[in-house]
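Colleague: I've got the sequence and the fold up on my screen. Could you walk me through it?

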Amino acid sequence: MKSVAIAGNPNCGKTSLFNNITGANYHVANYPGVTVEKKEAKIKHNGEEFVIVDLPGTYSLSPYSLEEKVARDYVVNEKPDVIINVLDASNLERNLYMFVQFMEMGAPVMAALNMVDVAKLRKINIDIKALGEKLNVPVIETVARENKGTKELLDEVAKFGASQKKSSPLDISYGPDIDEVLVKMETKIKDAGFMTAKYLPRWVALKYLENDEQIVSEGAETGGVHHELSAMAEKLNSHIKTTQKTTAENLIADYRYGYISSILKSVVSHEDSPLDRLY
Ligand code: GDP
Ligand code: MG
């Protein structure tokens with residue numbers, strides 16, 4: 001049975017979409033060890049069974065909050081066959097941050113472009129075909145509040161779940177300083193097979209540069225090249241601090257947003273409208 005996780009920012013329509021997909025016939029539990037609610041349901045679509053999970057709403061997959069940690073751990077440990085990242089079409093830039101993080105992980109993510117009614121009211125034009133091409137994943141339009149697009153979404157989920165390749169990991173440039181060290185770290189990680197049973201080498205390197213507490217402490221327990229990676233990350237961070245007065249983590253976030261705006265430039269146009277004042 002294929003597993004499907006529904007992920008996205010708070011209030012983007014995840015629960016509405018989950019209810020449309022499951023007919024609001026679900027089981028509620030908590031994620032293991034924490035008081036974060038987990039809604040789960042089994043459904044049949046065109047004769048195929050799926051288990052659907054509603055992940056906690058978060059803006060990012062950096063494990064600063066319990067919800068972020070739960071969402072990322074679920075994806076890493078349970079390896080859902082398909083992640084539907086629900087994107088609020090009226091707030092695409094912010095919503096794509098999490099999407100980019102899924103793509104960096106190499107997670108099998110596709111997108112439901114929800115709230116397209118709100119985007120239309122606000123005269124935000126989104127070229128959905130161009131968006132799918134730029135993101136390199138299937139994108140299906142939905143209006144979850146009106147149960148629109150649900151069938152089309154499930155058809156695409158089934159197709160995506162059955163495909164071998166799914167999405168390819170996204171390698172964006174984080175600028176010359178970071179890119180150079182990232183490649184060196186990635187090679188070390190690959191050669192040592194350090195944490196590679198669970199994670200992509202480049203992703204582990206990125207997490208060391210971002211000083212991701214969870215991954216770095218997992219790395220410390222693993223041993224291996226942990227100390228070398230920590231030293232490389234520390235050296236780069238002090239260089240960045242001296243030259244750019246910031247941290248690798250902040251720079252990486254800036255480059256993610258830069259990547260997102262470069263995509264949206266050719267995908268989204270906005271006709272200024274008096275209706276804007278209503279929202
Ligand atoms: P969640 O926090 O991601 O689970 O979002 P919810 O499903 O709870 O939805 C948040 C609010 O947005 C609710 O009031 C929904 O009725 C509304 N909503 C969900 N999808 C849509 C949509 O496509 N269009 C509009 N206009 N409202 C929506
Ligand atoms: Mg919800």
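Colleague: Let's start with helix H8: how many of its residues are buried?

Modeller: Bear in mind that this is a predicted model, where local features need pLDDT of at least 70, side-chain atom pairs count only at pLDDT 80 or more, and totals for chains, interfaces and linings use all residues. Residues are numbered from 1 along each chain as its sequence is written, chains are lettered from A and ligands numbered from 1 in the order in which they are written, and side-chain values use heavy atoms, with hydrogens and water left out. Buried means under 20% relative accessible area (over 50% is exposed, in between is partly exposed; 1.4 Å probe, protein chains only), and helices are DSSP runs of H or I with at least four residues, strands runs of E with at least two, numbered from the N terminus. H8 covers residues 201–209, and the number buried is 9 of 9.

Colleague: Which helices do the buried residues of H8 pack against?

Modeller: The buried set includes Trp 203, Lys 207 and Leu 209. Counting a contact as heavy atoms within 4.5 Å, their partners are helices H2, H3, H7, H9, H10 and H11.

Colleague: Which residues have the most contacts inside the largest nonpolar core?

Modeller: A nonpolar core is a set of buried Ala, Val, Leu, Ile, Met, Phe, Trp, Tyr and Cys residues joined through side-chain atoms within 4.5 Å. The largest one has 71 residues, and its largest share, 9 residues, comes from H3. Apart from it lies another core of 22 residues, Phe 50 and Leu 153 among them. Back in the largest core, the residues with the most contacts are Phe 102, Leu 131 and Leu 209.

Colleague: And Ser 62, which residues does it touch beyond four places away in sequence?

Modeller: Ser 62 sits in the loop between strand E4 and H2. With a relative accessible area of 11%, Ser 62 counts as buried. Leaving out residues up to four places away in sequence, Ser 62 touches Glu 68, Arg 72 and Gln 101.

Colleague: Zooming out, what is the radius of gyration of the protein chain?

Modeller: The chain comes to 11 helices and 9 strands. The globule rule (2.2 Å times the number of residues to the power 0.38, with the radius taken over C-alpha atoms) gives 19 Å for 279 residues, so the chain is as compact as a globular protein of that length. Its radius of gyration is 19 Å.

Colleague: Last one: what is the mean pLDDT of the protein chain?

Modeller: pLDDT is the predictor's confidence in each residue, from 0 to 100. Here 97% of the residues reach 70 or more. The mean is 95.
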